[in-house]
Amino acid sequence: MITGGPTPDEAAASAALEKGDDDEAIRLFTKAISGPPTPQLYFDYVSRGIAYAKKGQNDLALADFDAAVKAKPDDADARFRRGSIDRK
């Protein structure tokens with residue numbers, strides 16, 4: 001069953017990302033993604049992708065942006081971020 005609002009892990013992960021603690025954000029978003037589905041699943045993938053991109057882990061970021069687009073095909077942010085990844 002999908003419930004509304006961010007889970008505690010999603011909220012903590014977002015806070016970690018805002019503080020620049022990318023490793024903690026990745027850990028918590030991974031935990032949230034692995035748990036029961038939430039309405040924010042696409043956001044979790046986008047946000048974890050941002051953290052990966054900030055660390056230069058572009059393959060992992062691209063995979064997360066792809067997953068976000070799959071979860072919510074009309075999400076412009078995920079599509080934009082996917083297109084901005086350096087594929088060198």
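Q: Which angles between helix axes count as roughly antiparallel?
A: Angles run from 0 to 180 degrees between N-to-C directions. Within that range, the angles that count as roughly antiparallel are those over 145 degrees.

Q: How are H1 and H2 oriented to each other in this structure, roughly parallel or roughly antiparallel?
A: The model is a predicted one. In it, the axes of H1 and H2 come within 8 Å and cross at roughly 160°. Angles over 145 degrees count as roughly antiparallel, and H1 and H2 are therefore roughly antiparallel.

Q: Is the crossing of H1 and H2 left-handed or right-handed, and how do the residues of their contact divide by class?
A: H1 passes H2 in a left-handed crossing. On the H1 side the contact includes Asp9, Glu10 and Leu17, and these residues meet a set in H2 that includes Asp22, Ala25 and Phe29. The residues of the contact of H1 with H2 divide into 8 nonpolar, 1 polar and 5 charged.

Q: How are H3 and H4 oriented to each other, roughly parallel or roughly antiparallel?
A: The axes of H3 and H4 are 8 Å apart, and the two helices pack at an angle of about 165°. Their crossing is left-handed. With the limit for this class set at over 145 degrees, H3 and H4 are therefore roughly antiparallel.

Q: Which classes of residue make up the contact of H3 with H4, and how many of each are there?
A: H3 contributes residues including Tyr42, Val46 and Ile50, while H4 contributes residues including Leu60, Phe65 and Ala71. By class, the contact of H3 with H4 has 12 nonpolar, 2 polar and 2 charged residues.

Q: Which residues have the most contacts inside the largest nonpolar core?
A: In soluble globular proteins, nonpolar side chains tend to be buried together. Here the largest nonpolar core has 20 residues. Helices H1, H2, H3 and H4 each give two or more residues to this core. Those with the most contacts inside it are Leu17, Ala25, Val46 and Phe65.

Q: Which residues does Val46 touch, not counting residues up to four places away in sequence?
A: Val46 is one of the residues with the most contacts inside the largest nonpolar core. Not counting residues up to four places away in sequence, Val46 touches Phe65, Ala68, Asp75, Asp77, Ala78 and Arg81.

Q: Is Ile85 buried or exposed?
A: Ile85 lies in the segment after helix H5 (76-83). Beyond residues up to four places away in sequence, Ile85 touches Ala53, Asn58, Ala61, Leu62 and Phe65. Its relative accessible area is 10%. Because buried means under 20%, Ile85 is buried.

Definitions and conventions: Residues are numbered from 1 along each chain as its sequence is written. This is a predicted model: local features need pLDDT of at least 70, side-chain atom pairs count only at pLDDT 80 or more; totals for chains, interfaces and linings use all residues. Side-chain values use heavy atoms; hydrogens and water are left out. A nonpolar core is a set of buried Ala, Val, Leu, Ile, Met, Phe, Trp, Tyr and Cys residues joined through side-chain atoms within 4.5 Å. Buried means under 20% relative accessible area, exposed over 50%, partly exposed in between (1.4 Å probe, protein chains only). Helices (H or I, at least four residues) and strands (E, at least two) are DSSP runs, numbered from the N terminus. Contact means heavy atoms within 4.5 Å. Angles under 35 degrees count as roughly parallel, over 145 as roughly antiparallel, 65 to 115 as roughly perpendicular and the rest as oblique. A crossing is left-handed if the near helix is turned anticlockwise from the far one by less than a right angle, and right-handed if clockwise. Ala, Val, Leu, Ile, Met, Phe, Trp, Tyr, Cys and Pro count as nonpolar, Asp, Glu, Lys and Arg as charged, and the others, Gly among them, as polar.
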